[in-house]
Amino acid sequence: MTAVSNAAEPLDVQPTPLALLLLGREADPRSERGVECPGDLPSPSDPDLVERARAAKARLGDRVFVLGHHYQRDEVIEFADVTGDSFKLAREAAARPDAEYIVFCGVHFMAESADILTSDRQQVVLPDLAAGCSMADMATAEQVAECWDVLTEAGVAERTVPVSYMNSSADIKAFTGRHGGTICTSSNARRALDWAFEQAGEDGKILFLPDQHLGRNTAVRDMGMSLEDCVVYNPHKPNGGLTAEQLRDARMILWRGHCSVHGRFSLDSVNEVRERLPGVNVLVHPECKHEVVAAADHVGSTEYIINTLDAAPAGSKWAIGTELNLVRRLANRYAPEGKEIVFLDRTVCFCSTMNRIDLPHLVWALESLADGKVVNRIQVDPETEKFAKVALERMLALP
Ligand code: 13P
Ligand code: SF4
């Protein structure tokens, strides 16, 4: 469980399977996603926002370290001390023991992971508490505990190792640590699965949470398993919608979760762009559906996408299936080098929760810190932190 606080005492809040919160200034006490913003949030039309962010950052000096996920807006990325995918940012947070404040420009589960990996002396701040992740919300601690009971009942729990995607709450990470599993990101999912199958032993299985697509794509595309080796556990159905026999026969038990942004790319988008741009290379994130990944030329994490485009020859054409802020930034960055970069789909849009972090929220967070007031602190409770850290450290130790 995580507390978020703008007050002196951390709130006692339970993670809730949320749909989207209405935007506003009030907090939802049942969720981790208060949207309260005490004090004055600068107006988006304030012409001095850039100057104010610079000044507040300068006042804080080395006391603050700003992390920016690749899906953040340009106006925010400009102030990041380091940018990266979720794996790189977790490592960067762990490698900054001297920064008193880590301002995380990303989403809630990333800030939680940063809190887990930093010392108790350091404080992690998420500039807008409404920056959650719909995928992470698709697996709650209660649902996952129930799933484990179902696996136990079917006689497979003792041969099953949980592997949880970074895009999950601290509670799910703690469950993973308690049951001998590891966290993975889209850059190391293959290595995490190899490690987990080794731990699981003969006839071993993986419970992969919460992104069914990353689990399936890694198992089938990268490890040569068949689609029949994978079953999908639906937390909204009795026994996950699976029989004991199906669970016993499966190698990958995939949680029924997905990313609402990447899940919208379709096979039609791939076919359409190939027709429109002959010779185009299709490069997608592994959170896309299996049929999209199977039809793509290259698949990888955001960091992989950036490195691939960096190394691409002048004159090459690329259609990218990932979040729009990143694709637009890369298209602008590489256009002068003669690389043509387009968005894979005409209708898929930004990640709305990543986009919650904007310059006014960043200015508000930095100025508050510079004035000695810690706002929007993300703090994981010690018991959850202990086991979530075990799982995260297993990931960081993967070869
Ligand atoms: P990576 O940063 O691991 O590529 O994940 C993408 C994503 O969806 C983050 O929310
Ligand atoms: Fe979550 Fe998808 Fe947004 Fe990443 S892009 S934060 S997985 S909803």
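Residues are numbered from 1 along each chain as its sequence is written, while chains are lettered from A and ligands numbered from 1 in the order in which they are written. Since the model is predicted, local features need pLDDT of at least 70 and side-chain atom pairs count only at pLDDT 80 or more, whereas totals for chains, interfaces and linings use all residues.

The protein contains 15 helices and 15 strands. For 399 residues, a compact globule would have a radius of gyration near 21 Å, and the value for the protein, 21 Å, agrees with this. The radius is taken over C-alpha atoms, and the globule rule is 2.2 Å times the number of residues to the power 0.38. Along the principal axes, the C-alpha atoms fill a box of roughly 60 × 55 × 40 Å. Of the 399 residues, 50% are buried. Among contacts with a separation of 6 or more, 68% join residues 24 or more positions apart; two residues are in contact if their C-beta atoms, placed from the backbone, lie within 7 Å.

Strand E4 (residues 101–105) pairs with E2 in the parallel sense over 5 bridges, where pairing requires that DSSP finds at least two bridges between the strands. E4 is mostly covered, with 5 of its 5 residues buried. Strand E2 (residues 64–69) has 6 of its 6 residues buried and is therefore largely enclosed by the rest of the structure. From E2, Val64, Val66 and Gly68 point one way, and Phe65, Leu67 and His69 the other way. Leu67 has Phe104 as its bridge partner in E4, and Gly68 stands opposite Cys105. E2 also pairs with E3 in the parallel sense, over 3 bridges; in E3, the partner of Leu67 is Val82. E4 in turn pairs with strand E5 (residues 123–125), again parallel and over 3 bridges, with Ile102 opposite Val124.

Phe79 lies in the loop between helix H2 (74–77) and strand E3 (82–84). This residue counts as buried because it has 20 C-beta neighbours inside 10 Å. Apart from neighbours within four places in sequence, Phe79 is in contact with Ala53, Lys57, Val66 and Leu362. The C-alpha atom of Phe79 is separated by 11 Å from that of Ala58, 21 residues away along the chain.

Elsewhere, 4 strands form an open sheet with parallel pairing, in the order E12-E11-E13-E14. Strand E12 (298–299) and E14 are the edge strands, each pairing on one side only. E11 and E12 run parallel and are joined by 2 bridges, with Leu283 partnered by His298 in E12.

In helix H12 (residues 302–311), the buried residues are Thr302, Ile305, Ile306 and Leu309. Viewed down the axis of H12, these buried residues fall within an arc of 95 degrees, so they line one face of the helix; the arc is that of the directions from the helix axis to the C-beta atoms. Asn307 and Ala311, on the other side of H12, are exposed. The cover over the buried residues of H12 includes strands E11 (281–284), E13 (317–321) and E14 (340–343), together with helix H13 (324–334).

Thr302 also belongs to the surroundings of ligand 1, which include Asp85, Ser86, Phe87, Asn167 and Glu287 as well. A residue is near a molecule if its C-beta atom, placed from the backbone, lies within 6 Å of it. The shell around ligand 1 has 2 nonpolar, 6 polar and 2 charged residues. In this classification Ala, Val, Leu, Ile, Met, Phe, Trp, Tyr, Cys and Pro are nonpolar, Asp, Glu, Lys and Arg are charged, and the others, Gly among them, are polar. Around ligand 2 there are 13 residues, of which Cys133, Met135, Cys259, Val261 and Cys351 come nearest. The shell of ligand 2 has 8 nonpolar, 4 polar and 1 charged residues. Cys259 is also listed around ligand 1.

Definitions and conventions:
A residue is buried if 20 or more other C-beta atoms lie within 10 Å of its own, exposed if 12 or fewer, and partly exposed in between; C-beta atoms are placed from the backbone.
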